[in-house]
Each structure stands twice: as C-alpha cells, then as structure tokens.
2 protein chains.
Amino acid sequence: MDSQQFREFGKAAVDYIADYFDNIKDRPVLPSVKPGYLEDLLPDEAPEHGESWQDVMQDVDQIIMPGITHWHSPNFHAYYPTAHSFPAVVGEMMSAGFGCIGLSWVASPAYTELEVVMMNWLGKLLNLPEEFLNCSEGVGGGVIQGSASEVTFIALLAAKEKMVKDLLEANSPLTEGEIKAKLVAYSSDQSNSSVEKSGLLGSMPMSLLKADKDGKLRGDTLQKAFQEDKAKGLIPCYVVANLGTTPTCAFDDLTELGEVCNKENVWLHVDAAYAGTAFICPEYQHYMKGVELAESFNFNPHKWMLVNFDCSAMWVKNAKYLVEAFNVERIYLKDKHKGLAPEYRHWQISLGRRFRALKLWFVLRIYGVEGLRKHVRDQISLAKYFEEFVVKDERFELCTSSMGLVCFRLKGDDHLTEKLLHVVSERRNIFVIAGHFNGKECIRFAICSRLTQREDVEYAWKEFLAATEQIVSSKAKITCEVTGKKILSAELTKMANHTEKSK
Amino acid sequence: MDSQQFREFGKAAVDYIADYFDNIKDRPVLPSVKPGYLEDLLPDEAPEHGESWQDVMQDVDQIIMPGITHWHSPNFHAYYPTAHSFPAVVGEMMSAGFGCIGLSWVASPAYTELEVVMMNWLGKLLNLPEEFLNCSEGVGGGVIQGSASEVTFIALLAAKEKMVKDLLEANSPLTEGEIKAKLVAYSSDQSNSSVEKSGLLGSMPMSLLKADKDGKLRGDTLQKAFQEDKAKGLIPCYVVANLGTTPTCAFDDLTELGEVCNKENVWLHVDAAYAGTAFICPEYQHYMKGVELAESFNFNPHKWMLVNFDCSAMWVKNAKYLVEAFNVERIYLKDKHKGLAPEYRHWQISLGRRFRALKLWFVLRIYGVEGLRKHVRDQISLAKYFEEFVVKDERFELCTSSMGLVCFRLKGDDHLTEKLLHVVSERRNIFVIAGHFNGKECIRFAICSRLTQREDVEYAWKEFLAATEQIVSSKAKITCEVTGKKILSAELTKMANHTEKSK
C-alpha cells in the first residue's frame, strides 16, 4: 500500500469511526452472535494475494461489527468505563504512524521527554506530593504503564527488592532466598482480581483481608494481620490499598493503612485505577489523604479520563527500587545520555514502548483541565440522578453509591435481584452486571460512556422497572436461573403491592 | 471535540503521516536535541482551557518531530527493525476508534474470535506443528501478547507451574516452596536482555550458557549445565532457545536442545522474535527443525512482518499451564460462555486487551502471503548486497551475515572499529550500533525500514568508506574515544595502504 492509498484508506476509516459514534445509540449494546461465529465466516488460511482495503472495510462492517460489544453506547453500564475520546484516537494513530520504539532516550528522545512532562502535568493536577514527581534532583517519578495489573505487579517486585535489601543491610541472619520465601502481601477482599494475580506472578502470597461494612480496609485489620503473620515467622512486605474498589467504589483509609505500613517498613501501593481520575477535581482530593505515606500510586487515565486504553499512570517515591529490580544492561542498549533522562525500560516489564504520552498530551490540551473536570462532574451527577430513582422506589434498596457507580437490589431475597438481572439481560437493551455487597446480591450500574445523558439514565431506569413488572406480573412461581431455587410467593406479593403503589 | 471536528483532525493526521513517509528520506535519521529539550518548550502545567487541534498539530510538527529518531528512514540500520505499514496504522486507529476492552468473550466477541482465527492463519503460515494451534479439541493455542519480554516471562511462569505440579504429583519429598527455590532457567549468553529479565521477574535464576563460536547454544553445553546443577541439588525447569539472536541473528540447534529438555522434563521455549517472520518463507523453515520438541514458541510480527508494535505472537502446546498460573476469578468476570472460546485474560499479565488482531488481519489481507514473503526476501537480499561490499574490501572483515543483519569490523585492533563507529555516528547520516562477536568489537548493520532500497545500502556503504578515509587521513595518532587507548600507527599504515589499493 502506497501513501496515496493510505490517504484514502485512512480517511475512510476516520469517517467510519465518526459515523459509528454518530449512530452508536441505534445499535443494540450487546451483540447477538454465538461463540465461534467468526470462524465460520473467515477462510481457514491467510490469502495468497493481497486484497483491496475496500474489501477489508466492507468485512469490518459486515462481520466484525456484529461481534462488537458497544462499550461507548449510552446504554452500556457494565464493569467500569474504558476511556474513549477523539483526540486520543488521533493520538493513537499518530503514535502508530511515527512507529518508533522508545527503548531508550536516544531511540526517540521525544518519547521519553513528553512522558516525563505529561507525568508531571498529571501529578500536579492530582495534587500528588512533590516527591512523586519527575524532578531533576529527586529519585521519584512517573511513568506510563499498560495497565493497573502491570503496575500492581511491578510495585510488588520493587517492594520485594527493597525488603530484601533492607533486611540484608540490617544483618538479617536469613539468606536472600529465605527472606523471599517468607514475604507476604496484603490487600482487601474487595480488591480487583489483578491484585491477587500480582501475588501469583510475583511468587508472594496475597492475603485478602476482610473489609469493613462499608467495603474499606481498616488499619486495625491490617495491624492484626501483620502481627499474626510475624508470629508465624513471616515477613509483611507489600500492601495494596484501594481508592475506589471494583465492587462498590469504596475508599480504603490511607492514613490508617499508611501509618501501619510505615511503622513496619512495609511498601504501601495505592491502586486508584478508576476513581483516581476524580482527583483532578479538588473536591475529591480528600480521598487521597495519607497518600504521602505510600511508596507508589497508580490510576488509569484509560478508564475515566478520556485517554484510550492503554495508559496507566504510575508514580513512585524512589525509582531506584524499580531500576534495581529490572536493570539488565547490554551493549546494544548503551548510550551516552545515561542519567540525564529516565531510561523507562528499567521501570517496566517490556523493553519496547509505544508513544503513549502523545494521546495523553492530546487529551489534556484539547479538553483542557476545565473540560476533563466537567466530564467527571457530569458523570457523577448522572449516577446521582440514577440513585434518586432507586431511593424513591420502595421496592428497591440502595446498597452503595460512589462516584459513577450505583449498586442496588430488589428488596427481599437475593433470587429476586438475580431474576431482575436475568430479565434485563435477556431484554438486551442495556448492559449491566452482577455484584455483591455485604453478602447480598446486587446490580452494579455504572455511568460508562461519555455519550450517556440524563435521558439515557431514564431509559435505563425504565428498563429496570419494566423488568420488575415482568417478574411481578408473571404471577407464577419463579425459578431462579442461576441457583435453581424457587422464589417465595410472599415476596412476589410484597413486590406486587409495591408495584401497585408506585404506579 | 465532536465527530465533525474529529473528521477534520483525523484526516489532517492521516495526511501528516503520509507526508512524513513521502519525505522521510530528507530528514536526518537522528535528532540533534539534547536531554531535557522538551521540558524547556512546554508549560509546567496542563492548560486550564481546551486548545484547538490545529495548535496541537503545529506543536507536533515544531516540537515533537525534532525529537523523533526516524526508525523508518531508509538510513536507519540500528537494533532490529520495528514494523510499520499503512494497513497496520489504520488497524491501530480503528481498534482505538472502537475502543472496547476484550477482557472476556462477552466483552466483545469479535476481539477474541478474530485473534483465534489470526493465530491459526499465522501458525499455518509458519508451518508450526498442529498441536500449537487453536483447534476446538486440543489444549494448545495461540495468543497475541505485547512483547517477547512478556512472553518469555509468561512461559517461565507456566514452566514453573508445570514443574511444581509434576514433582508434587510424583510425590516429591519437597514442599512447593522448596521446589520453587531450587528451580533454574537457562539460555545462551547471546540472548536478548529480556530473557535475563524474565528470570528476575519470575524469581528464577537464569544461567546464561556459553554459545559456540557461531553464536549457537548447543545440546552438550545444556546437558552439562543440567548435570552440574542437579549435582548441586537444583532443579532445571526452563530453557529459552533463540532462533535469531540479538547480537548476530544466530540460530540455536532446536533438535539438540529439545532432546535434552524432553529427556529431563524441562520446558523448552523458543524465542524467534525477529527471525520468526522469515519462517513464512518455506526456504527458511528448516531453522525451526526440532520445534515439535518445544512447549512454547514466539515471534514478533511487530518486528519484521509489517504489523506495528505491539503484536507478539505466542503459541503453547498446553494452555492449561498458563491458565492455572494466572486464573483468579471474580463475580464481575463471570459469563456463561466459559469454555466455548478461550478467555485470553488467563493467558496474559493484564486483564484488559486492545483489539490487536485487527491490525494483523489488515496486514495479512492487504499484503497477502505473497506480499509479505516478498518483503522478507527483498530485505534479506539487501543485506546480502551490503555483505558483498564488506567482503570485497580488504580493509574489512565480515563477522556474520544472517537474515537482514550483517556484522562486520575493520581488520586489526578493536579501537579501529570503535573509531569507525564513532566517526559514522558523528556524521549522523546513518544510524548503526556496536556489537560484539567472539570477543571482538563489531558494527551491526541491519536492514530495518521497509523503504530501504539498493541505493540506500550503497549510500550507507559510502558512509563507512568516507569515515574510514577520515580515520586514515587524519595521519596523527588516534585516541580511541571509548577506551582512551592509542591506536597503533602500524595498523593505520596498513589501512592507508588498503585504502590506496581500493581506490
């Protein structure tokens, strides 16, 4: 393909994406394909001869698009948002267009340097303590990683490196191998699966401690776990605190956890993957209180800050522990600029890196701080709007509401909520998923798409109402799809009464 | 930014990329900026108000572009290539445009399904044994990862998982912890730094064994290392074989290594990051002989197969070891399609994934197998063309020539080659880097850009000649920039004589 054909193909693709967003609301949010659908539609082998881009685009429309789940539909309310914005899409394309690999400063100076400046911009926006920022004298700094999963694992490795070094320097009677075999990590039972995975990857058992009734991990719980493990001869090494848990967007108490960690010389890592974006608004920065006690901090602009996946922002107070955990030099990587700019390859798993700072720069400049704050505040107010519907309807129970996430349930037995989720899922007009809160089944309703507006929240609520009516009006005994248990008729009667009242 | 502005911005960016490639040859391959250049050109904080995309594009041209190293300039001959093609750039943009996260089948069925089919297409193209492919009954399969670094680490974790399981099932007297502390990994001293790093990441010491005089790791060397380690009570667990080493593109003997590994129940992983692309040409598949003895295989379409970074293709014979090493289930990840399609989140480090299969599909279809084979063969023939210049000139010594990489040196003391590299680097007309071969300094000359043609190879050779003349004509004693040693005048005289003859 020559550059002239690229001009045509690229512009047709730009129009395709623009059209897709212009009409995304008309598409059912969930695809209706069955597993294996695509294998039947594609040949068994790659084509011998090149095909035209027009043919490829036609297939994108006809066979790929039917298998896409529309994360940016205003009716998508599952998981947490994944970011999307037009400036970020162009940034991603230009990064691919330049096509360099930032494996060292000299391999493309702008790659490293823009990342340094962007991580400073972002850190200042969050009001992070200065020691986390890339300043010429300090040992702290920020780096863009691919995901919070990567970050949690990388911080674990750095914590391990630091603990081994500290203990050996303090003349521990243990060998390095013996120390490593005794290290333990901690987080709350509300943590994302990636936190537990980081323990598996890094060969450090991850204790998932019980959160309190609000979903927060508390200092005394952590202190107790440390004491119990130390009594067994184990060594507490690494704690992952959540600012915005996956199930309910709960915030651990950083000050409590940080004090316990600091006292015991344990690395505290803060995972604010989703909610961290809200800290660009001064009114939410109080959730970060105590962050100065942490060694590392992470949030994902690729979740809520309109920068397309992947762009996970990580800061550390002392980068030397990363570099020491990762540094493996070779002659082909030598260059004479060492020490003057960070060599980010020693801060991460892979050697190569894309120009992810570019899309971050595009988003920060084209939206401006003002535009990004407006986005966060608008989405939180939409969640509040939904919360009001839940609270006003007696048949429903609000479990939690935090940032852009509302967790709620039908009052009564869990089976009713399971049935509600089932019916809503079968109707396929909105996409929501199940959650748990304090041992009860609930539905997680998240404001995800940047296109979602008040009318879409109303539409979603009407879907829940219609599904509820459907359950009630069935009159017959209802069998729960998931557990197979029968739903009690007394509860149905109660709901029917509520339904009458709310009409 | 609304969709109309995106149409304008996106199309302007397409034109910018096309213009960049149309004129890339006119740019000096290396930038002339100094570390910290960008910090001086950018504000200290993110802008409060949004700016226009036109302003941002102007800054891309005026402050980013001067800090770019032009990897796709025909004068770029450093490292190994990183892939670039117009279809892949559009694929990357459309993946960002759809902006889904393939964290499970239901999260966007086309993401998983296209990847399954593409990994089959690619595996067939390489003529990989069928047990590596995604077939409905087998336990093997292919997956796209971000980099060879990730793959080497992931395969190490799977090897660890398998070894622990095998030993425990065989009633080993050791505990899981004791087994893990005794595991050892192996590769050759010619391996990429990422191989050693995988040992650091996975807490398994990586023994770098001496390659033979051709840069290959041999079976008897591996067998001896196994025996010595076993005598110390250690447990050989994981071997990384190279098909195309980073220093000289040497090929380990897979059959020899595989037989040793199979006898000892050790996981053999094959890293063909760069050279693997050549296996799409039947005449190079003989290098893979013995691959059926391996447990996992990896090559990077993002190096040489025209698919932009990141796209690292990995196949395993038995995916259950990956899944068991990584699987951490949560209610929000549950979906009812389990088992019918691979859940790739259990095959990798992160939970989220971009739609990387899309750019691979675009490249395979728009180039066709024919087009990709032509690209590989053309680049190898350009390396051969360069090799001829080296061989014909008596002052030079050919060290190795394999695929698109030629390693050569000035005859005589290492300092001459160091000086040559220094002068060529100072002239800044081409970009090459240093290498080592059999204890001697050499220069690595790689065919990288898909735009490089015979005239560019001639240009590069003339650069080496001009630099050589410059060294000789200086007459004075030359001090080596790197080591500080004086270069012997006898060698200079010898070179001067050669120079006279070659005129």
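**Figure 1. A:Arg428 in a loop of chain A of the predicted model.** A:Arg428 counts as partly exposed, because its relative accessibility is 33%, which falls between the 20% and 50% cut-offs. The loop that holds A:Arg428 runs between α14 (414-427) and β10 (433-437). Phi of A:Arg428 is positive, near 65°, and the residue is not a glycine. Most residues other than glycine have a negative phi.

**Figure 2. B:Asn438 between two strands of chain B.** Here the loop links β10 (433-437) and β11 (440-446). B:Asn438 has a relative accessibility of 51%, so this residue counts as exposed; the cut-off for that class is over 50%. Phi of B:Asn438 is near 45°. That is again a positive value in a residue other than glycine.

**Figure 3. Cis peptide bonds at Phe309 and Asp310 in chain A and chain B.** In chain A, a cis bond joins A:Phe309 to A:Asp310, with omega of about 10°. A:Asp310 sits in the loop between α11 and β7 (312-316) of chain A. In chain B, B:Phe309 and B:Asp310 are joined by a cis bond with omega of about 5°. B:Asp310 lies in the loop between α11 (301-304) and β7 (312-316) of chain B. Most peptide bonds are trans.

**Figure 4. A:Lys303 and its contacts.** An unreviewed UniProt entry places the feature "modified residue: N6-(pyridoxal phosphate)lysine" at A:Lys303. The residue belongs to helix α11 (residues 301-304) of chain A. A:Lys303 counts as partly exposed, because its relative accessibility is 22%; buried would require under 20%.

**Figure 5. The interface of chain A and chain B.** Chain A brings 135 residues to the contact, and chain B brings 135 residues. About 12,200 Å² is buried between the two chains. Carbon and sulfur atoms give 66% of that area. Twelve salt bridges are counted between chain A and chain B. One of the salt bridges pairs A:Lys11 with B:Asp15. Their closest N and O atoms are 2.9 Å apart. Helix α1 (residues 3-22) of chain A gives the largest share of chain A's side, 16 residues. That side of chain A divides into 73 nonpolar, 30 polar and 32 charged residues.

Terms used:
Residues numbered from 1 in each chain as written. Chains lettered and ligands numbered in written order. Predicted model: local features only at pLDDT ≥ 70, side-chain atom pairs only at ≥ 80, totals over all residues. Heavy atoms only, no water. Contact = heavy atoms within 4.5 Å. Buried area = accessible area lost by both parts, 1.4 Å probe. Salt bridge = Lys/Arg side-chain N within 4 Å of Asp/Glu carboxyl O. Helix = DSSP H or I, 4+ residues; strand = E, 2+ residues; numbered from the N terminus. Nonpolar A, V, L, I, M, F, W, Y, C, P; charged D, E, K, R; others polar. UniProt positions renumbered as here; feature names shortened; annotations may be inferred. Buried < 20%, exposed > 50% of the residue type's maximum accessible area, 1.4 Å probe, protein only. Lists of a residue's contacts leave out its neighbours within four places in sequence.
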